[in-house]
Amino acid sequence: MSGKEKIENLDAVSVLTSTADPSVSNPSKWQEFKDSFKRADLDESAFSPGMTEAERAIAATANSPMQKSLKPRHILLITLGGNIGTGLFVSSGTALRTGGPLGVLIGWIITGACCYTVVQAMAELTVRFPVAGSHTTFANRFIDRSFGFAVAWDYALLWLIVLPLELVAASMTIKFWTTSINPDIFVAIFYVFIVAVNFFGVKGYGEAEFVFSSIKIVTIMGFIILALVLICGGGPTHEYIGAQYWHDPGALASGFKGVCSVFVSAAMSYMGTEVCGLAAAESADPRKALPAAIKHVFWRILLFYIVVLLLVGMLVPFNSERLLGAGGGTSASPFVIAIQTHTISGLPSVMNAVIMLSLLSVGNSATFSCSRTICALAAQGMAPKIFAYVDRKGRPLYALLLSAVVGLFSFIAAYKDQDTVFAWLLSISGLSSIFLWSAIVLSHIRFRYAMKKQGRSLDELAYVSNTGVYGSYFGLLVNILIVICQFWVSLFPVGGAEPSPVIFFQGYLCVPLVLVLYLGHKIYKRNWAMYIRSEEMDLDTGRREMDLNLLKQEVAEERELLRQKPFWYRTYKFWC
């Protein structure tokens, strides 16, 4: 037999062997599972040797191997019900006690208007640049790298701290039913659940939030109906309540200072509304999914916050001893109090259970947001490179592990001074959402200015903010005023208490932290420029639609089609 024939026979045997042994061509499920943790392949063609550090950062986030598996229904429910948790269901009790029902309304309406302008600006930028890290990268791209570094790290620290905070709060809700069980047992159960969900990848997060948000939306709508019935005298006692608590004890608890103290509570309750931008960056078609979802933010703010808190203020007097800040404890919320006060059996337990699920939902979102933010920071060279590791399932593996490790702080739930510990942890990033919102609207202002300077038309934008650049100016102004108000109430607390370093830094530590991060980055990188010049801004890298002329044509056709529709339909599409 010739050498050639031997080779051919060997090839035939190898083919037969591979066909007979499915493990060769079809690896086992266990092997697939192990391989899923290997590093995802990166598109090296997006990088060139002559790139500057800023250009490499933009290219890294634009070519992230994150999976694009979220569907429009996930984005819609995340936008409507995601991150509704402690801020609304629990901390609103403190705001009601210090600000009164009118103070709560003023604070939530003004902050809600600011939040709406922020998500509109974010939507315009995210649809244009659906990059990894989404809104946490815009300041680095359109304002200044040092400012972007400081804001993004402060935002990441916020979500690092929120996970253990929400787990502890969720375990504390169990005290509504029993106090005989160590809360750390429930912390362990909740912790394992949230970490497991996020290790299923972005689809696991999306499905969990879809269920959580659906439950929250149904519950809030049910509460609105119940509250209206109780206020009108349809409860078990048939007592007409109306607006009596607005007269006695009154509409304002502590005057103008009480109203100022409400703003940060309101901002923290709205915190996370912008997470839909992070999620949209991992969706198949953010150009379609995000604009359709972002329009519902108006209804989220109006119905789930302003209307609900108006009704809560009519059902619970601000001088109720059961409110937070008056010894009520974290197992009680104004929502539960509103139902219990009017002697409706069974429903307080249902409401408490929904609050517990809501806290788990926020913990789930915190793990998702933190891991994506830190991964984006690492991809831009602003965090250790190991955190830029993304596996074949699109999971930022080491960033997820970091979030999980910090989440172990939640096991101090049984510690007698856990409230003090978390007060200091939360002070590190108490104003983080305000800084991030400021960065988003300022990025939008700078982006529009660069578009104008570079002779670019708004016709090439697939989505244009409903509030425009003037809305972003309004949002920036409100954020600045909130920081000023927080300085005042931190230095001179509500109730006439003497100035205290402890109280001041627990309310304002975030500001010096951001300044230290900003100045530290400036000095370390020797970045003495105050801002990125508009002529130097990259307005194209990260777009998924590479044919700009085709995009303009499609956008023009969509807008012309909408103009031909009746007025009622155009109005509906504007708000919904």
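Colleague: Where is isoleucine 484 placed?

Modeller: Isoleucine 484 sits in helix H22 (residues 468-491), a helix being a DSSP run of H or I with at least four residues, numbered from the N terminus. This is a predicted model, in which local features need pLDDT of at least 70 and side-chain atom pairs count only at pLDDT 80 or more, while totals for chains, interfaces and linings use all residues. Residues are numbered from 1 along each chain as its sequence is written, and side-chain values use heavy atoms, leaving out hydrogens and water.

Colleague: Why are H17 and H18 called roughly antiparallel?

Modeller: The axes of H17 (residues 334-341) and H18 (residues 347-379) cross at roughly 175° and come within 9 Å. Axes are lines fitted to C-alpha atoms over the stretch in contact, with angles from 0 to 180 degrees between N-to-C directions. Angles over 145 degrees count as roughly antiparallel, so that is the label for H17 and H18.

Colleague: What makes arginine 448 and glutamate 124 a salt bridge?

Modeller: The rule asks for a side-chain nitrogen of Lys or Arg within 4 Å of a carboxyl oxygen of Asp or Glu, and this pair has 2.8 Å, N to O. Arginine 448 is in H21 (residues 432-453) and glutamate 124 in H7 (residues 92-128), so the pair ties together parts 324 residues apart in sequence.

Note on methods
Helices (H or I, at least four residues) and strands (E, at least two) are DSSP runs, numbered from the N terminus. Angles under 35 degrees count as roughly parallel, over 145 as roughly antiparallel, 65 to 115 as roughly perpendicular and the rest as oblique.
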